[in-house]
Amino acid sequence: MNWIRIAAVTALVGCPGAAVAKEAVSCGGAAMLGGAQLNCSHVEPAAPAQFCTFSWALHTTAGDQKIVEGTFLLPPGASNVTIYQGSGFDSALSNPIVICRGNK
């Protein structure tokens, strides 16, 4: 699984990769063997809870593209939280894009 700290990352189609920024949330995602999963951790103890949105382009086993997206709140100390899990995917068309801001 690719772990990345993200402020905002633009997608690299078909390429796994990482981008690094000083942020309170670290996320990683993988799509293989018919499923996809995105996990995140709150990695900055002094930072408040983080309100985040995500978007991820995935390739389905039927040969189509599907964009999955959502929002989540990640409290300090949260570790390896499953943010998204789905089936019917054989690969990722982009890295997950996760944008977070402190929730004061």
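Counting every pair of cysteine sulfur atoms within 2.5 Å as a disulfide, the tally comes to 2 disulfides. A disulfide is a covalent bond between the sulfur atoms of two cysteines. The structure is a predicted model, where local features need pLDDT of at least 70, side-chain atom pairs count only at pLDDT 80 or more, and totals for chains, interfaces and linings use all residues. Residues are numbered from 1 along each chain as its sequence is written, and side-chain values use heavy atoms, with hydrogens and water left out.

As for the overall layout, the protein has 0 helices and 7 strands; helices (H or I, at least four residues) and strands (E, at least two) are DSSP runs numbered from the N terminus. Read along the sequence, the pattern is simply β-β-β-β-β-β-β. Of the 104 residues, 38% are buried, a label that means under 20% relative accessible area with a 1.4 Å probe and protein chains only. Taking contact as heavy atoms within 4.5 Å, residues 24 or more positions apart account for 63% of the contacts with a separation of 6 or more.

The link is right-handed, with 110° about the S-S bond. Cys 27 is buried at 2% relative accessible area, and Cys 40 is buried too, at 0%.

E2 (residues 25-32) and E3 (residues 34-42) run antiparallel over 8 bridges, and Val 25 has His 42 in E3 as its bridge partner. Their hairpin has 1 residue between the strands, Leu 33, with a positive phi near 55°.

Cys 52 sits in strand E4 and Cys 100 in strand E7 (residues 97-102), 48 residues apart. Cys 52 is buried at 0%, and Cys 100 also counts as buried, at 14%. In sequence order, the bonded cysteines pair 1-2, 3-4.

Gln 50 belongs to strand E4 (residues 50-60) and is buried at 5% relative accessibility. Among the residues that Gln 50 touches are Val 25, His 42 and Cys 100.

Key:
Buried < 20%, exposed > 50% of the residue type's maximum accessible area, 1.4 Å probe, protein only. Pairing = 2+ DSSP bridges. Lists of a residue's contacts leave out its neighbours within four places in sequence.
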